[in-house]
Amino acid sequence: MSEAVEDAAALVEVRAGIHAWVQPDGSWWLNNAGAITTASGQLVVDTCATATRARRFLDALGAATGQAPKLAVNTHQHGDHTYGNSLLPAETVIIGQEKMREGLRVDPIIDGCPPFWSPVPDWGDVERRLPDVTVAEALTVHLGERRVELRHPGGPAHTTGDLVAWVPDERVLFTGDLVFAGLTPLVFMGSVAGALAAVDWLAGFQPEVVVPGHGPILNGDEIARVLDEHRRYYRLVLQAGADGIEHGLSPLNAARAVDLGEFAGWADAERLVLNLHRYYADHDGKELDLIAAFTDAVAYNGGPLPTRV
C-alpha cells in the first residue's frame, strides 16, 4: 500500500450533512464513497476495497457525524465499492440493485485477487456481505425531511446493476462509476453504448455537485466538462470497435491502432482494451471472456496493471 496515497484520503463535507470520502489518485481499486446524514439517520454510499481503507472511511465518518450508518447503498458490484460492506455495523441495512447483488454473490475476486494487478491487492479481513434490500429501477430513502433517490439508469452502463444516489434538495449526485473524473472510464461489465446514453441521463439531473466513483469532486462548470469528456471517450471506443471489426482486428490490436489523443494522459489507459472486449462481445452476441480481456489489457500495458491500493 502506498502511504502517500493512503494519507491523502479525505472526508469532505460538500453540503451540510453530505460527505464525500475521496481517495486519490482514483486509479484501480481507489474509489470514492460518502454519506448523507441527518438527525434521523445516516445513509452510507459505498464502502472501500480493503478492510484498512473501509475502517478508515467509517471511522472518519463517525468522528465527523457522531452517528453510525442506519442504511447503506452500493452503487454497483465491484469490490472497491463493496468489499468493505462487512465492516459496516451488523444492524446497517444495505441496499443494492438486484443485478448488483447477484454480481457480488458470485464475485470470485473477493476470495483471492488474480495477478493482473501489481502489487496484488490484499483485501484484509473482509467477508462477502450482500445487500439486504434490492431495487430494480428506483427507491426513495427518507432521512427525516431529506430525500435520497436511488435510481438505476434503465439499462447496462458501467455494469448491469448501477445505482446513483441523488439528493434533490441539495442537488448533489453520487454517480458511482458512471463517472470517472479525469481517469479512463471502464464499462467492460456493462455497455459502451449504454454508458454513453447514461451520460445524458446524468446531465438530466442538473446536479450542482457530483461525487464521481473515482477522481475529484466536481462542481459547477466542471460537471459539464467531465460529462462531455465521457461522451467523446465513449464515441472513440465505439468508433474503434466498429473499425476493428471491419478490418478483422482482435480487441487488443484494435486498441493498439487507436490514437488516444486528449485521453492519453488519463490513468489506466489499458481499460480501452477491456472496453473494446465489451464492444466485441455485444456485437457478436456472446458473453465477455474476462480472463482473455484482462490478459489482453496486461499485454497492452506491457505488464500487470498498476494499483496503489
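A polar contact is a pair of N or O atoms within 3.5 Å. I looked for such pairs in this structure, which is a predicted model.

**Entry 1, threonine 82.** I found threonine 82 in helix 3, residues 79-82. Its side chain reaches the backbone oxygen of glutamine 77 at 3.1 Å. Leaving out residues up to four places away in sequence, I listed what threonine 82 touches: Thr47, Asn74, His76, Gln77, Met100 and Leu104.

I checked the length of helix 5, residues 192-203. At 1.5 Å a residue, its twelve residues should span 16 Å, and the end C-alpha atoms are 17 Å apart, which agrees. At the N-terminal end I noted a cap by serine 191, with a side-chain oxygen 3.4 Å from the backbone nitrogen of alanine 193. The buried residues of helix 5 are Val192, Gly194, Ala195, Leu196, Ala198, Val199, Trp201 and Leu202. What covers them includes strand 10 (146-151), strand 11 (164-167) and strand 12 (172-180), along with helix 6 (221-246) and helix 8 (271-284).

The axes of helix 6 and helix 8 come within 9 Å and cross at roughly 60°. Helix 6 and helix 8 are therefore oblique to each other. The crossing of helix 6 past helix 8 is right-handed. For the contacts, I recorded residues of helix 6 including Tyr233, Val237, Leu238 and Ile245. On the side of helix 8, the residues they meet include Arg271, Leu272, Asn275 and His283 among the listed set.

Terms used: Residues numbered from 1 in each chain as written. Predicted model: local features only at pLDDT ≥ 70, side-chain atom pairs only at ≥ 80, totals over all residues. Heavy atoms only, no water. Helix = DSSP H or I, 4+ residues; strand = E, 2+ residues; numbered from the N terminus. Expected span 1.5 Å × (residues − 1). Buried < 20%, exposed > 50% of the residue type's maximum accessible area, 1.4 Å probe, protein only. Contact = heavy atoms within 4.5 Å. Polar contact = N/O pair within 3.5 Å; in protein donor to acceptor, adjacent residues only side chain to side chain. Axes fitted to C-alpha atoms, helices over the stretch in contact; angles between N-to-C directions. Parallel < 35°, antiparallel > 145°, perpendicular 65-115°, else oblique. Left-handed = near helix turned anticlockwise from the far one by under 90°.
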